[in-house]
Amino acid sequence: MKWDEFFVTGEPMIYAADICIVLASLAIIIGLTYFKKWGYLWREWLTTVDHKKIGVMYIISALLMLFRGGVDALLMRTQLAMPNMTLLNAQHYNEIFTTHGVIMILFMAMPFIIGLMNVVVPLQIGARDVAFPRLNAVSFWLFFAGAMLFNISFVIGGSPDAGWSAYFPLASKEFSPSVGNNYYSLALQISGIGTLMTGVNFVVTILKMRAPGMTLMKMPMFTWSILITSVIIMFAFPVLTIALLLMMFDRLFGTQFFTMTNGGMDMLWANLFWVWGHPEVYIVILPAFGIYSEIISTFAKKNLYGYKSMVVSMVAISLLSFLVWAHHFYTMGMGVVGNGFFSIATMAISVPTGVKLFNWLFTLYKGRIEFTTPMLYALAFIPSFTIGGVTGVMLAIASADYQYHNTMFLVAHFHYVLIPGTVFAVIAGMHFWFPKIFGFRLNERIGKIAFWFIAISFQVAFMPLFFLGLNGMTRRMYTYSPETGFGPLNMIATIGAFGLAIGFIFLVYNIYYSFRYSPRDTTGDPWDGRSLEWATHSPVPEYNFAIIPTVDKLDAFWFAKQDKKSLFEGKKIEEIHMPNNTGGPFVLGVVFFFLGFFLVFSWWIPAIISGVVVLILLAMRSFERDHGHHIHVEEIVETEQKLRGDNA
Amino acid sequence: MKHDTSLALEYRTEENENRILGFWLFLGAEIVLFSTLFTVFFTLSHRYGNGPTPHELFELKGVLWETFLLLTSSFTCGLAIHSMRLGLKKPMMTFFIITMLFGLGFLGVEVTEFITYVHDGATIQTSAFLSSLFTLLGTHGAHVTFGLLWGTAIMIQVKKYGIDEATANKSFIFSLYWHFLDVVWIFIFSFVYLKGLM
């Protein structure tokens, strides 16, 4: 392989990106050396097993990936702003819509949610950490290795270009000869293994580590949503593991799974992909429902309406989510019975979802609503998501789908579900729990400016796509002629996309601004919250709770405040057992990155060596006898006094 | 830390209990993983292309040996855990060693079988049927191989530290894994080989 096949060449934008990558890397290295922060970085972050810090690292990665995926989106929207634009050629456009999809779903939405659940769930259930803190760090570093592997593809070797769903035979070696789809199969595989372990970790955490008295039906709704999500992860992700494995075999070893000859079956890929892919949609939306439930109930100052029906409907959605995958390809020719079944199953999902929407509305009804930034996102979610849901039911009608299939109407539909659903939720959740992590709130004024930019621009960017789709504009077309008449609506959509970008710039600026100027919160409960995470200090000490709270009802913290009681009564501070930090997970992530990279290029000997190193690392872990450490009572008392501001 | 001496040694601390539940859940995910592989196999099992059919390929003798070796190893693995519960280190080690040897024997027969297939011109690239066959068997075989490495590592630890809460917990979890591989093999034996020979 020559160097000009290894590096992507011949595209000015890629050269500019190369320069930016080199400069940014140099800036990070010089900065860390100049400020003598290498040790701090290693001790406090790279080796941490603290669920709060791991959560923060997930969220930072997700914000970076939001930027990457957002730039992809802006490039696409600029290319489509007017007829016959030449900013991107067809190949480049293919690569960009592929990476936009993969990054936004798997490396932005997922880690943002996993980050929030890492920070919040152990606090909400009154635990000191997750069940397997070290495995949690492994999950993060595998996700990060996968994300980095996927991101370097556009400068080294070439990006995948067969769409985020990578349908065969297009994604096969024959029709996509570049290494792009090797990156796809390996990067997703590595981060997917991390996600699977997160699922197992959180099911055990939630089932086994709840505070005394917190029965399942007294858990906060966010924790419920994460329990159900984790179960879906456990059942959906192994399917992706196999699908990606077979894809890798087809591309690297010449097997015949999805080929057109020797008995291969290309539609098998589509089926496997969506058997994972549709539950995946609910993996990113159910936690969002959980976040909105918390926010709406907190800022309406009312308990959540229909708690039991909320739980039942989430369970129903999780079951149905495994029965609808074929609605992604009604047009493949399944026949009437197949299409009919999947059509009805899909429409059935709108029932539990509708139950949830009405529950939120009834929670708002006669509430004393506070219009904080997180609440604004929650309120914008309800009508926008309803549009997404209703158009989803339209798409579910198999016979009508022949008209909408693979048009901009579909693109508009899933952005209406994913942006007000997931993206608004994670932003709202970030604003809501930010003071818990860092000890101060994000500035409300800048937060609201960002909100209005985002909420309005979203409608401007995606509403026109419904009409473009109905007019016949298909998705993934890289340009169009003036005669189609698609020009004006596309221009409006592009303006909306840039408005969204401005909103996100305000959002990031707000984090910087608030770090410098926001007043510090000393109460630990700045929003007058309802669940246990607000019962401890902000920022949360390493051990979360000096004394594990005792709970007797839902929203116990809220009622304790009303009754002027304490959740910690009658218990003394005792020695706390905590896990030790370790560099193992980070090293494992690095080795997995190289293993993936070597496999992408079929460099067998380095790949085998990396694989052996992985086994050695696992063996070293097995032989290690690490019993963690104990925090002594005096130390806890001292920390608690300092956090209360007793002897400042 | 909770420390309940009424429980079996491997369950005694809260962390150990969590580990066992976590591993059961992981096995649930493994069941989904193998179910997917079986589904792929059933979907492609009649798509021979220009390659051989199962009738031309399979020979019952090797498969019966594999089945005998793996099922027996599962039994001896159970005996090893039984000895562990009784606190008998030496029988535990002996049964573990027998388990490992039988596992190694299984792997030996499987590898010989693969070599014969390839000799007969049936490679993973020949047809969709063979791709799915090799992948299903290979994934199971890779699990057995990993199990051998893992089991050996645990045996060394039992030898070094004796039977304590940590090693008992690890051995017990390993036994769950080993029995699981046996269950998968029963499905492979019935639905791949016997059905293929019918």
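This is a predicted model: local features need pLDDT of at least 70, side-chain atom pairs count only at pLDDT 80 or more; totals for chains, interfaces and linings use all residues.
Colleague: How many of the residues of chain B count as buried?

Modeller: Burial is read from relative accessible area, and under 20% counts as buried. In chain B, 51% of the 198 residues fall in that class. Take the contacts in chain B between residues at least 6 apart in sequence: 79% of them join residues at least 24 apart.

Colleague: Which residues of chain B does UniProt list as "transmembrane region"?

Modeller: With a record, look up the span and then check the model there. The unreviewed UniProt entry lists residues 21-42, 62-81, 93-109, 129-151 and 172-194 of chain B under that name. Let's check two of them. Residues 93-109 of chain B are 100% helix and 0% strand, with end C-alpha atoms 24 Å apart. Residues 172-194 of chain B are also 100% helix and 0% strand, and there the end C-alpha atoms lie 32 Å apart.

Colleague: What does UniProt place on chain A?

Modeller: The record, again an unreviewed entry, puts "domain: Cytochrome oxidase subunit I profile" at residues 36-552 of chain A. In the model that stretch is 68% helix and 0% strand, and its end C-alpha atoms are 49 Å apart.

Colleague: Now the interface. How many residues of chain B are in contact with chain A?

Modeller: Count residues, then area, then specific pairs. Here 38 residues of chain B are in contact with 34 residues of chain A. Between them the two chains bury about 3,200 Å², 70% of it on carbon and sulfur atoms. For specific pairs, the interface has two salt bridges and 10 residue pairs in polar contact. On the chain B side, the elements giving two or more residues are α1 (14-44), α5 (128-161) and α6 (165-197). The largest share, 16 residues, comes from α1 of chain B. Sorted by class, that side has 18 nonpolar, 14 polar and six charged residues.

Colleague: Which side chains meet in a salt bridge there?

Modeller: One such pair is A:Lys208 and B:Glu17, at 2.8 Å from N to O.

Colleague: Let's zoom in. Where does A:Asp50 lie, and is A:Asp50 buried or exposed?

Modeller: A:Asp50 sits in the loop between α3 (38-46) and α4 (51-80) of chain A. Its relative accessible area is 12%, so A:Asp50 counts as buried. A polar atom of the A:Asp50 side chain lies 2.8 Å from the backbone nitrogen of A:Lys52. Beyond the neighbours within four places in sequence, A:Asp50 is in contact with A:Asp129 and A:Glu542.

Colleague: And what can I read off for A:Thr582?

Modeller: A:Thr582 is in the loop between β1 (576-578) and α18 (584-600) of chain A. With a relative accessible area of 11%, A:Thr582 is buried. Leaving out neighbours within four places in sequence, A:Thr582 touches A:Leu46, A:Thr47, A:Val49 and A:Arg134. With A:Arg134 there is a side-chain to side-chain polar contact at 3.5 Å.

Notes. Residues are numbered from 1 along each chain as its sequence is written. Chains are lettered from A and ligands numbered from 1 in the order in which they are written. Side-chain values use heavy atoms; hydrogens and water are left out. Contact means heavy atoms within 4.5 Å. Buried area is the accessible area (1.4 Å probe) that two parts lose on being put together, summed over both. A salt bridge is a side-chain nitrogen of Lys or Arg within 4 Å of a carboxyl oxygen of Asp or Glu. A polar contact is a pair of N or O atoms within 3.5 Å; within protein, one must be able to donate a hydrogen and the other to accept it, and residues adjacent in sequence count only if both atoms are side-chain atoms. Helices (H or I, at least four residues) and strands (E, at least two) are DSSP runs, numbered from the N terminus. Ala, Val, Leu, Ile, Met, Phe, Trp, Tyr, Cys and Pro count as nonpolar, Asp, Glu, Lys and Arg as charged, and the others, Gly among them, as polar. UniProt positions are given in the numbering used here, feature names are shortened, and annotations may be inferred rather than shown by experiment. Buried means under 20% relative accessible area, exposed over 50%, partly exposed in between (1.4 Å probe, protein chains only).
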